[in-house]
Amino acid sequence: MIKKIALSMILLMSIYISAMGQILNPVKWTISISVEGDGTGVMTFAAAINEGWHLYSMDIPEGGPVATSLNWDKLEGVELEGEPMPDRKPNEVVDEVFDLKLGWWENNVTISQRFRVNDIDAGYDIEGYVRYMVCNNMTCQAPANEEFKFSEEAKEVPVVEKVAVGTTKPAKTENTGFTTDDLWKPVDVQNVGDVDGGISSYSLWYIFFAGFLGGLLALLTPCVWPMIPLTVSFFLKKSGSRGKSVRDAVIYGLSIVVIYLLLGLLVTGVFGASKLNALSTDAVFNIIFFLLLVVFAISFFGAFEIKLPDSWANKMDSKAERTTGMLSIFFMAFTLTLVSFSCTGPIIGTLLVEAASLGDITGPAIGMAGFALALAIPFTMFAVFPSWMKSVPKSGGWLNTVKVVLGFIELALSLKFLSVADLAYGWGILDREVFVSLWIAIFGLLGMYLLGKLRLSHDAESEGIGVLRLFLGMVSLAFTVYLLPGLWGAPLKSVSAFVPPLYTQDFNLYGGEFVEYDDYETGMREGAKQGKPVLVDFSGYGCVNCRKMEAAVLDNNEVRRLLEDNFVMIKLMVDDKAELPEPIVVTENGKEVKLRNVGDKWSYLQRYKFRANSQPYYVVLNADGSLAAGPVYYDENVEKFTTFLNDGIKNYKK
């Protein structure tokens, strides 16, 4: 069963990766017009939005992604009445990357614009375009235009889905041996290097192993560890034979997995994929997550216990006694989950919060599967090999030490969610150096606690510490020392996913900026002049994942060194609103399309030359515009990106 699930996930991911290499069209517009006999009329713009994608609303603050807007090239014989009106309010979330409250629509929306015809007999002529931008939780599309034209004779122009692109003949570029025909010539991205669709299973593996680690930690708590010998002994005595006891223990372990997996699926079912994604960016929920983790930490420190009602456990226990067979064993496993909740609850809560923050619909279920697997394995294995129980450490004060250590970890993780809310609301109370300072204090105190220099009131008396505790204390203090340079702007790349971005650092002694060209032809000329390959970065001001890639990958020291020493860089912003001197008319899919601004031009370049339209999107080009390496999409794997750059250097030299 597990193999089938894994294969299904791999297959679905492969399909998605394949799709990422093509031009995606997540929104289909149906645009129509109706005019009454008295000259009043309405134009409707109906957007059908693919599952998992969202269309930004018409009211986006300055500095955010591109808002949906109606733009008019020609309004002859008509006068607009009022503002465009959507048929429903957009969902609103506070995005921590943009530090803005953003609105968007999912599934569908219809926008209406009322107008009046000046003279019915004289007719009318209307031309314009819808400007819009769509994203999902992994990538964003370049801002796009949907053209429309109406006249008295032609009430509606059917919408043609944009899939393929046509051709246009650019002018010659000065001072190179190449023409822009050469530089804009389409390339076959499937035939160069390792084409990576950019959907990494990293986040899912991360949450699975985080769940597995959480399950192992839960085993070492006072609520669970003493239950192992009691449960194994019960199976051995009740079954009468070793074979039957092994069978019962396996069923018991599988029951634990099923119970926690159902919990993960329940969270997914309650919230759904889109809601989980909203939770990951919503400031209010991040504050709630922060407070939850602080409460969990205080609980682990021994101030109080988080317990489920005793009646629940008693009821499950009585059901286990009254039933027989597999059902009895299932109720026993359920009793374990209820009795141990005071220790496992904070771990499960933290795991579910982290899974929800990934915004992936499968995250909670996968996290719970990892947690349950780690929790179930010892009960099963000790029943199969009961002699192993002799070598297992006995219960004692060390179990309480585990809880306190978990309390420090919970406290450190809670700051991540407070940081998201702080960035979203712009409070400025948890800038990068403040965050790092708090982590230094937390892990410094953890190191002192592990070394026995700090004790809590409920800790057992101890004359000394063991070797494992000594080494863990050294690791904690070493990590504290590692964090210290972060106070002055050191990248701290191993924890870059947790600490606030570098731009919140008030005092930074590190770094510098890349020299990047914002014009394709100019950058290509510079690459030919310097004899270096060119890294083209299709990005956007409104691209959240572009900022994540820059922080996690492009700011990495090794990547920075490779780029500065070996490449000319071009960054093309596909949502640049700067107007072109005059619109450029090109043909896409047999239909004339106007490129009105700089972003339109670079978006068309990406579609025409590389047959792709998602950002971020990275390619390495030779001096003649041919492909040397790539493409690479959103993937925060530094090693993979450095391999991509090194392949580009190697192929360029050939």
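Trainee: Which residues does Arg-131 touch, not counting residues up to four places away in sequence?

Mentor: This is a predicted model. In it, Arg-131 touches Val-66, Ala-67, Thr-68, Ser-69, Asn-71, Pro-143, Ala-144, Asn-145, Val-574, Asn-597 and Asp-600. Arg-131 itself is found in strand E9, residues 125-132.

Trainee: Why is Arg-131 called buried?

Mentor: Its relative accessible area is 8%. Buried means under 20%. So Arg-131 counts as buried.

Trainee: What makes the link between the side chains of Arg-131 and Asn-145 a polar contact?

Mentor: The distance is 3.0 Å. The cut-off is a pair of N or O atoms within 3.5 Å. The pair therefore meets the distance limit.

Trainee: On to the rings. How many aromatic pairs does the structure hold?

Mentor: The structure holds 22. One of them is formed by Trp-184 and Tyr-520.

Trainee: Why is the pair of Trp-184 and Tyr-520 called edge-to-face?

Mentor: Take the centres, then the planes. The centres are 6.4 Å apart, and rings pair within 6.5 Å. The planes stand at 80 degrees, and over 60 counts as edge-to-face.

Trainee: What parts of the chain does the pair link?

Mentor: Distant ones. Trp-184 is in helix H2, residues 180-184, and Tyr-520 is in helix H14, residues 520-530. The two are 336 residues apart.

Trainee: Are Trp-184 and Tyr-520 buried or exposed?

Mentor: Trp-184 has a relative accessible area of 6%. Tyr-520 has 0% relative accessibility. The limit for buried is under 20%, so Trp-184 is buried, and Tyr-520 is buried too.

Trainee: What makes the pair of Trp-184 and Tyr-604 tilted?

Mentor: The planes lie at 35 degrees. Under 30 would be stacked, and over 60 edge-to-face. Tyr-604 counts as buried, at 0% relative accessibility.

Trainee: Which residues form one aromatic cluster?

Mentor: Phe-435, Trp-439, Phe-443, Phe-479 and Tyr-482.

Trainee: How do you know that Arg-469 lies over the face of Tyr-449?

Mentor: Arg-469 is at 5.3 Å from the ring centre. The distance limit is within 6 Å, so the value passes.

Trainee: What is the average pLDDT of the protein chain?

Mentor: The average is 74, and 69% of the residues score at least 70. Over residues 1-22, pLDDT stays under 50. Residues 154-179 also stay under 50.

Methods. Residues are numbered from 1 along each chain as its sequence is written. Side-chain values use heavy atoms; hydrogens and water are left out. pLDDT is the predictor's confidence in each residue, from 0 to 100. Contact means heavy atoms within 4.5 Å. Helices (H or I, at least four residues) and strands (E, at least two) are DSSP runs, numbered from the N terminus. Buried means under 20% relative accessible area, exposed over 50%, partly exposed in between (1.4 Å probe, protein chains only). A polar contact is a pair of N or O atoms within 3.5 Å; within protein, one must be able to donate a hydrogen and the other to accept it, and residues adjacent in sequence count only if both atoms are side-chain atoms. Rings of Phe, Tyr and Trp (its six-membered ring) pair if their centres lie within 6.5 Å; planes under 30 degrees apart count as stacked, over 60 as edge-to-face and the rest as tilted. A charge sits over a ring if NZ of Lys or CZ of Arg is within 6 Å of the ring centre and within 35 degrees of the ring normal.
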